[in-house]
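I opened my notebook to jot down what I could look up in this structure. I'll keep it short and go topic by topic.

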Amino acid sequence: MADDHLSKPFEKSSLTEAEKREMKRDIKKQFVVFILLLFLTVLAFVAVGADLIPNNFAVPFILILAIVQLLLQLLFFMHMKDKDHAWATVFMITGIFVTMPTIVALMLLIGVVKY
Amino acid sequence: MASYKKEKGVVWDWLTTVDHKKLGIMYLIAGTLFFLKAGLMAVFMRIQLIMPENSFLTGQTFNEFITMHGTIMLFLAATPLLFAFMNFVIPLQIGARDVAFPFVNALGFWIFLSGGLLLSTSWFFGGGPDAGWTAYVPLSLNEEQLGLDFYVLGLQVSGIGTLISAINFLVTIINMRAPGMTMMRLPLFVWTSFVTSTLILFAFTPLAAGLALLMLERIFDAQFFNPAAGGNVVIWQHIFWIFGHPEVYILVLPAFGIISEVIPAFSRKRLFGYTAMVFATMIIAFLGFMVWAHHMFTVGIGPVANSIFAIATMTIAVPTGIKIFNWLFTMWGGKITFNTAMLFASSFVPTFVLGGVTGVMLAMAPVDYLYHDTYFVVAHFHYIIVGGIVLALFAGLFYWYPKMFNHKLNEKLGVVFFILFTIGFHLTFFVQHFLGLMGMPRRVYTYLGGQGLDEFNMISTIGTFFMSAAVIVLVINIVYSAIKGERVIGINDPWDARTLEWATPTPVPEYNFAQTPQIRSLDPLFYEKVHGDGTMKPAEPVDDIHMPNGSILPVIISIGLYFLGFGLIMLEMAEPIVSPWIVVALGGLLTFGGMAMRSLKDDHGYHIPKSVVKADLKKLGGGK
């Protein structure tokens with residue numbers, strides 16, 4: 001019968017089918033990125049612990065890994081890759097714009113400029 | 001699921017309320033009480049300084065008073081008083097039914113209050129903190145002074161409240177605007193509150209970090225600042241002023257906003273240079289972060305750093321100047337009504353310029369070696385804080401009072417108040433410029449006679465008596481007006497003003513707008529008066545209104561934070577009555593238990609049925 005669906009109870013979720021598919025894709029991506037982050041962390045420990053890289057390159061190497069991690073965090077877990085996130089992005093950029101000069105100036109003033 | 005509202009007793013209603021209007025009024029009351037307390041301390045300090053070698057207060061009490069006066073005035077008086085207006089006015093001005101997170105709003109208020117009370121508890125445990133509101137190390141590492149532990153933890157707790165309230169305002173202004181209320185149609189008070197909330201977000205975090213370091217050092221014997229253990233005392237100064245300088249703008253920007261509301265309303269003109277005002281606000285906020293080291297010219301950070309920070313500081317005069325001229329041009333050619341609100345707003349402009357000019361003088365690093373830590377600095381920042389923020393608060397109080405309390409404040413008493421306050425203010429602080437130039441250092445509890453300081457100190461103290469008399473007149477005015485003041489019930493718009501809050505019925509119903517209004521212009525109410533029929537066009541049909549439930553949890557969480565802080569302080573006490581860890585655990589249980597309860601229990605709010613809204617519309621709507 002055509003009216004069969006009327007007797008079915010409503011779904012609990014108010015999301016549309018498209019939104020649900022989108023969400024599933026998103027969760028999958030988050031798992032992949034999460035494993036990637038764990039891998040990067042392990043890589044940093046192993047690289048230094050097992051002397052895989054030259055000593056004088058160790059700190060820059062770890063910093064590079066850290067920056068990659070930071071970007072992945074911001075893009076995937078802070079949702080900066082998503083559309084409709086303009087305000088969050090504005091605040092993130094404002095924050096970086098304000099803190100960066102502050103931290104640089106503070107380090108110069110106190111005289112701690114090693115890395 | 002959502003249910004209908006039950007009737008509550010008055011006390012229970014106010015303890016559990018999440019209504020932004022009631023919270024605004026509670027902020028106003030709490031802020032006023034702290035303001036009176038800190039003001040009384042100032043009067044006592046001036047009485048001590050009325051003549052040379054006076055012995056009204058001991059040096060120790062004097063130190064405790066300067067510290068508590070500054071700390072309370074900035075954190076517990078000016079901030080909540082501005083938050084009072086922000087809470088009450090922002091949702092009304094953007095056409096919203098409440099702030100974005102009503103529960104968090106209530107939580108912010110109660111946490112602020114418990115932090116303030118924790119700080120004040122220090123009086124019962126060996127006296128208040130005595131290292132100045134800046135709490136410079138190593139002076140503030142003094143283990144003998146329990147008051148400093150109260151300073152550290154009290155500010156930490158009240159800072160959490162301020163921070164979450166600010167985040168709430170940001171989300172509210174971004175997400176809760178009525179249809180047609182674009183960012184560039186926001187009233188300037190909303191704009192400045194928005195920028196201020198951003199500043200709080202970025203500035204209170206370094207403060208929290210700095211206070212955490214100081215707490216670790218004082219209570220848990222860490223060694224961040226102690227030079228004997230390889231620490232660095234200058235780091236505290238940097239962290240403090242990275243917070244402390246933006247804090248000044250956190251306070252003064254909403255004050256600018258109030259002035260930008262009052263002046264157009266009583267000049268019967270739209271604000272001159274709206275766009276310039278918005279961008280000047282943002283530039284001031286950004287530069288406010290980049291100038292902190294001008295408090296530290298004499299620390300010895302070197303000529304290059306001093307010059308950079310000196311020039312950055314002077315740059316702030318440019319956007320501020322833009323604002324000053326825009327206010328002047330708003331008044332220029334306007335049909336000005338000089339009632340009390342407008343008297344305060346218009347006298348704000350020259351007074352603030354006086355404070356700004358001495359600010360530029362202090363920004364000149366070489367000359368600052370002369371001004372540093374003298375009464376010149378005291379005169380400068382009181383011209384900014386009293387001549388700027390407090391005058392704006394009084395203007396805002398007289399302007400928004402009818403909307404908040406359904407009756408006007410008495411104008412005659414208001415004018416008396418204004419005259420007494422202006423005389424007292426300039427008598428007190430103008431001569432302090434000269435005291436400073438003569439070399440009288442700040443934060444001293446007495447001085448020797450015959451050095452040319454006697455007369456000016458006497459004049460300054462007499463000025464504070466005038467200011468005290470003025471505040472007493474204000475209190476009389478509030479009591480008198482509550483009994484006999486002109487009622488404005490049923491009159492939406494007693495000032496014939498321009499912005500949206502004056503389109504709501506008086507008294508404002510708990511849902512603010514029966515129908516969300518459609519905004520068609522900047523100064524929407526004024527636009528409708530000229531181009532429409534004087535009432536806002538609705539953007540939606542009359543329907544059930546979804547409202548948040550009240551909750552006692554904010555109070556419980558805040559009480560928990562109080563005991564959490566107090567327990568940590570007890571670790572430093574010689575012989576606590578119970579083990580401090582029991583108090584900490586109890587506080588933690590209350591706080592985190594309250595948070596868990598909020599998280600685990602669904603609260604869907606309730607609905608005001610359509611029939612009630614319709615009846616209200618018939619009763620309240622259309623009043624002019």
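Before I start on charged pairs, I need one term: a salt bridge is a side-chain nitrogen of Lys or Arg within 4 Å of a carboxyl oxygen of Asp or Glu. I also remind myself that this is a predicted model.

**Entry 1: salt bridges**

I looked up B:Lys21 and found its side chain in a salt bridge with B:Asp19, at 3.3 Å from N to O. Are these two buried or exposed? B:Lys21 and B:Asp19 are both buried.

Then I asked how many salt bridges there are over all chains. The count comes to 15.

**Entry 2: a pair in chain A**

Next I went to A:Asp26, which makes a salt bridge with A:Lys81; their closest N and O atoms are 3.5 Å apart. Where do the two partners sit? A:Asp26 is in helix H2 (residues 17-49) of chain A, while A:Lys81 is in the loop between helix H3 (58-77) and helix H4 (86-110) of that chain, so this pair ties together parts 55 residues apart in sequence.

I checked how covered each one is. A:Asp26 has 16% relative accessibility, so I put it down as buried. A:Lys81 comes out at 32%, so it goes down as partly exposed.

**Entry 3: a network in chain B**

B:Lys537 and B:Asp533 form another salt bridge, with the closest N and O atoms 3.2 Å apart. B:Lys537 is partly exposed, because its relative accessible area is 31%. B:Asp533 has 56% relative accessibility, so that one is exposed. Which residues are joined into one network by salt bridges that share partners? I wrote down B:Arg520, B:Glu528, B:Asp533 and B:Lys537.

**Entry 4: two helices**

I moved on to how helices pack. Two packed helices are described by the angle between their axes and the distance between the axes. In chain B, helix H6 (residues 188-219) and helix H8 (residues 274-289) pack at about 15 degrees, and their axes are 10 Å apart. Angles under 35 degrees count as roughly parallel, so H6(B) is roughly parallel to H8(B). The crossing of H6(B) past H8(B) is right-handed.

**Entry 5: a nonpolar patch**

Which residues make a nonpolar surface patch of about 550 Å²? My list reads B:Phe272, B:Phe325, B:Leu328, B:Phe329 and B:Trp332. I picked out B:Trp332, which sits in the loop between helix H10 (317-331) and helix H11 (340-363) of chain B. With a relative accessible area of 64%, B:Trp332 is exposed, because exposed means over 50%.

Conventions: Residues are numbered from 1 along each chain as its sequence is written. Chains are lettered from A and ligands numbered from 1 in the order in which they are written. This is a predicted model: local features need pLDDT of at least 70, side-chain atom pairs count only at pLDDT 80 or more; totals for chains, interfaces and linings use all residues. Side-chain values use heavy atoms; hydrogens and water are left out. Patches are made of residues with over 30% relative accessible area and no salt bridge: like charges are joined within 9 Å, nonpolar side chains (Val, Leu, Ile, Met, Phe, Trp, Tyr) within 5 Å. Accessible areas come from the Shrake-Rupley method with a 1.4 Å probe; for residues, only the protein chains shown count as cover. Helices (H or I, at least four residues) and strands (E, at least two) are DSSP runs, numbered from the N terminus. Buried means under 20% relative accessible area, exposed over 50%, partly exposed in between (1.4 Å probe, protein chains only). Axes are lines fitted to C-alpha atoms, for helices over the stretch in contact, and angles run from 0 to 180 degrees between N-to-C directions. Angles under 35 degrees count as roughly parallel, over 145 as roughly antiparallel, 65 to 115 as roughly perpendicular and the rest as oblique. A crossing is left-handed if the near helix is turned anticlockwise from the far one by less than a right angle, and right-handed if clockwise.
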